[in-house]
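I want to write down what I look up, one topic at a time.

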Amino acid sequence: VNSNSVKASFSQYNDQVDIAGPGVNVKSTVTTSSGASFSYATWGGTSMASPHVAGVAALIWSHHPTKSAAEIRLALECSAVMPQQYGNDVRNNDVGYGVVNAQNALDMLNSGDFSSCTGAAAPTMAPTPFGCSSVEDIMEVRIKTDQYPTETAWILTNTCSNTVVAEAPAGSYTTRNQEYSDKICVPPGGRYSFEITDTFGDGICCSYGEGFYNVLKNDVSMIGGGQFGTDETKTFGQCGPTPPTPAPQTPPTPAPQTPAPTSAPTPAPTSAPTPAPQTTAPTSAPSSALTPSASPSPSPSFSCPDGQVGFTLTLTTDDYPEETRWVLKQGNQWSTGTMIASVDYLTTYTKPQATYIENLCIEENETFMFRIFDKVRDGICCNHGKGEYSLALNDQEIHRGGEFNRKEQTKFEAISSYSNTNAPPGIKVVTEPKGGNLDSSNEDEEEELSSKLPHN
């Protein structure tokens, strides 16, 4: 409004306007001479009106710091002055509840009398607590939007039953920098895939705001993030019910002991007994070999039962994602190893330059072999895009790669916490030489030239 409380001709007006502030011909400080000096200029618009309202809010809050944000907002709206030209309006589309007034708002908070509030909304009451049955898990998806909330969408799928559990299409979120929460009751256990997309291709952090996402199961964080491009997919959990938590074991109460009859005291010895000699254990010579750190293992971003270690594969595809597959086996020899997990060509990775994350629980202190394959023998970096992959145990990275020919193998021991070194023990990476094989056999060479996918 201008100095006569008349709405400016350039001002926005609709039913979303809550309050008005001075925004026409307002004096403001400016820099001159490329920032070497300062002066004053006259400006108009929201850039002038918004600081007036924000300043009044800060002022009255400084006098009543224990008040909630809802109470401060209520005081601003209830104490605003409606311009005379609007008569007895309580609220309208031009100025909302009226022009902000600092003294009126402060007086209202000092008195605690809100009886004059006839149109402003009272503070929102706390929502009804969410609950599931005793045989269900609670899945929660938390999203904090960036400056462009309508670009964000996500879908949560139970991959065991191939059913969509919940989703939020693009346009579901409309408020900037706002945290949203969706809770769903799901059967116990299960393996889930969470895909989040951004229609502009810049994720939700950190170019235009500090957005993030977090998926929790029974209040325990499973996955999270925010920095990605067009989309990101992460998986967690395992098919089958979650093992029940064992009931705490209470030791039996010992039976009361009847005191033995008191015997005659034994005479004290005339001299104190000679203490036995103490032999100091020899100090072991320091070993030159690297050993696992004795420090506690960091908590992984997803939970595994006792005796298992969290294994995470993070893979960013190149321009030809359908050419990539991988296999994880347990054992010392590839030909005799036990298959733990794998993905196939063509169907698993379908989006170029997209990041996929796989989380698995594997047996602790066992040996595993991970192989990644490229069907046309040019790896995933760097001829056709900047693809890469990394392997981690309990969130500690053990290998990162992407530049190989047909395949690359990483052999490792599933130790819960490696030493903080550049060469953890038990890690061996072998990249297949051009024209050669990792093994003498061809048991994993289904990507022969007869099925080669040509690049366009």
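**The loop between β10 and β11**

I began with Asn218, which lies in the loop between β10 and β11; helices (H or I, at least four residues) and strands (E, at least two) are DSSP runs, numbered from the N terminus. I noted that Asn218 is not a glycine and yet has a positive phi of about 55 degrees. Asp219 is found in the loop between β10 and β11 too, and Asp219, also not a glycine, has a positive phi of about 70 degrees. I then looked up accessibility, where buried means under 20% relative accessible area, exposed over 50%, and partly exposed in between, with a 1.4 Å probe and protein chains only. Asn218, with a relative accessible area of 37%, is partly exposed, whereas Asp219 is exposed, with 65%.

**What I am reading from**

I have to keep in mind that this is a predicted model, in which local features need pLDDT of at least 70 and side-chain atom pairs count only at pLDDT 80 or more, while totals for chains, interfaces and linings use all residues. Residues are numbered from 1 along each chain as its sequence is written, and side-chain values use heavy atoms, with hydrogens and water left out.

**The chain as a whole**

I found three helices and 23 strands in the chain. Of the 456 residues in the chain, 38% are buried. I looked up the accessible surface of the chain, which comes to about 26400 Å², with 52% of it belonging to carbon and sulfur atoms; these areas come from the Shrake-Rupley method with a 1.4 Å probe, and for residues only the protein chains shown count as cover. For contacts, meaning heavy atoms within 4.5 Å, I considered those between residues at least 6 apart in sequence, and 67% of these join residues at least 24 apart.

**Helix α2 and its cover**

Which residues of helix α2 (residues 69–79) are buried? I listed Ile72, Leu74, Ala75, Leu76, Glu77, Cys78 and Ser79. The elements that cover the buried residues of α2 include α1 (46–63) and α3 (102–111).

**Disulfides**

How many disulfides does a search of the whole structure find? The search gives five, a disulfide being a pair of cysteine sulfur atoms within 2.5 Å.

The link of Cys132 and Cys185 is left-handed, with -90 degrees about the S-S bond. This pair links distant parts of the chain, 53 residues apart, with Cys132 in the loop between α3 and β3 and Cys185 in strand β6. Cys132 counts as partly exposed at 24% relative accessibility, and Cys185 counts as partly exposed at 28%.

I then turned to Cys205 and Cys206, which form a disulfide with sulfur atoms 1.9 Å apart. The torsion about the S-S bond of this pair is about 75 degrees, so the disulfide is right-handed. The peptide bond from Cys205 to Cys206 is cis, with omega near 20 degrees, and Cys206 lies in strand β8 (residues 205–206). Cys205 counts as buried at 12% relative accessibility, whereas Cys206 is partly exposed at 36%.

My last entry concerns Cys381 and Cys382, which form a disulfide with sulfur atoms 1.8 Å apart. Because the torsion about their S-S bond is about 75 degrees, the disulfide is right-handed. A cis peptide bond joins Cys381 and Cys382, with omega about 20 degrees, and Cys382 is found in strand β18 (residues 381–382). Cys381 is buried, with a relative accessible area of 13%, while Cys382 counts as partly exposed at 32%.
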